[in-house]
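Hi,

Here is the structure for you to look over. My notes follow below it.

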Amino acid sequence: NMNSKSKLVKKGKIGVFDSGFGGLSILKHIVKKLPEYDYLYFGASARAQYGEKSHATILKFTKEALVFMFNSGCEIVVLACNSASSEALREIQQKFLPKYFPDKKVLGVIIPTVEKVLEERQNKKIAVLATNATVRTGTFVKEIQKRKPQVFVNQVACPLLVPLVESGKEKSKEAEVAVRDYLSCLKKEKIDALILGCTHYEFLSSVIKKNIGKKVKVFSEGSIVAVKFKDYLKRHIEIEEKLSKKGKVEFFITKPSSEFDIFGSKFFGSQIHADNVKLSNVPQKKTI
């Protein structure tokens, strides 16, 4: 019966997941590009700093977050966390989704960023600033060299930067000193491009640009991911058709925090309020 079908309300949301605030920079850019859709942002803030955690832990946390997000109506989720993208994405796409959520999609932030940087042919020497977890997996290096083996890639682990951003110190002297320190090893390498391989680093981009010099092009993930995501929806009409368009954005975090609303509003660029969710209450399939 055709009539009953047309009455179905499309309830699909676009999900954006991160371990904390950083992903708000990705969300901000996507919402700016595609304002009509409905969004659910989930910050697993009680478990923040995925960049310092083990592979097994990151994978487990990411799966639990996805169960919550899919159960809350998300059709497609962007892992706006480089640590989750590098540590968990493959396994989620190859094993977890086919088994539990075959009609849902999960995308990462690393591959779109790599593709964009390599589109510019002059980029022969690339450096990546990232967390310990992302550097440990070498995902940026692998993805770049898979596409262009002749490109030189160097990665620098920057464990101090996320805590600085998450405590609102991105404009501080401390941040300046830390950035200068991390960039010092790149100075003599004459790199063409610098990838900010963690969503939090966008908030340090002015300090980073000032210290790396004018010759180096700095790539921040937010705007890149937004453009590629828009393109993805154009190519995947079967997903796009499930999405609702009320222009609504919801925020959830895993620990009560007035801080999240304050910093989050700064990162997102407008006032936000996050509701609380305990992942331990999420119905888990025992085998996940």
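Strand β2 (residues 39-43) is largely enclosed by the rest of the structure, because five of its five residues are buried. Buried means under 20% relative accessible area, exposed over 50%, partly exposed in between (1.4 Å probe, protein chains only). Helices (H or I, at least four residues) and strands (E, at least two) are DSSP runs, numbered from the N terminus.

The model is predicted: local features need pLDDT of at least 70, side-chain atom pairs count only at pLDDT 80 or more, and totals for chains, interfaces and linings use all residues. Residues are numbered from 1 along each chain as its sequence is written, and side-chain values use heavy atoms, leaving out hydrogens and water.

Both faces of β2 are covered. Tyr39, Tyr41 and Gly43 are buried on one side, Leu40 and Phe42 on the other.

β2 runs parallel to strand β1 (residues 13-18), joined by five bridges. Strands pair if DSSP finds at least two bridges between them. Val16 stands opposite Tyr41. β2 also pairs with strand β9 (residues 249-253), in the parallel sense, over five bridges. There, Gly43 faces Ile253.

Now the rings. The whole structure holds 10 aromatic pairs. Rings of Phe, Tyr and Trp (its six-membered ring) pair if their centres lie within 6.5 Å; planes under 30 degrees apart count as stacked, over 60 as edge-to-face, the rest as tilted. Phe42 and Phe68 form a tilted pair, 4.9 Å centre to centre with 45° between the planes. Phe42 lies in β2 and Phe68 in helix α3 (residues 55-71), so the pair ties together parts 26 residues apart in sequence. Both are buried.

Best wishes
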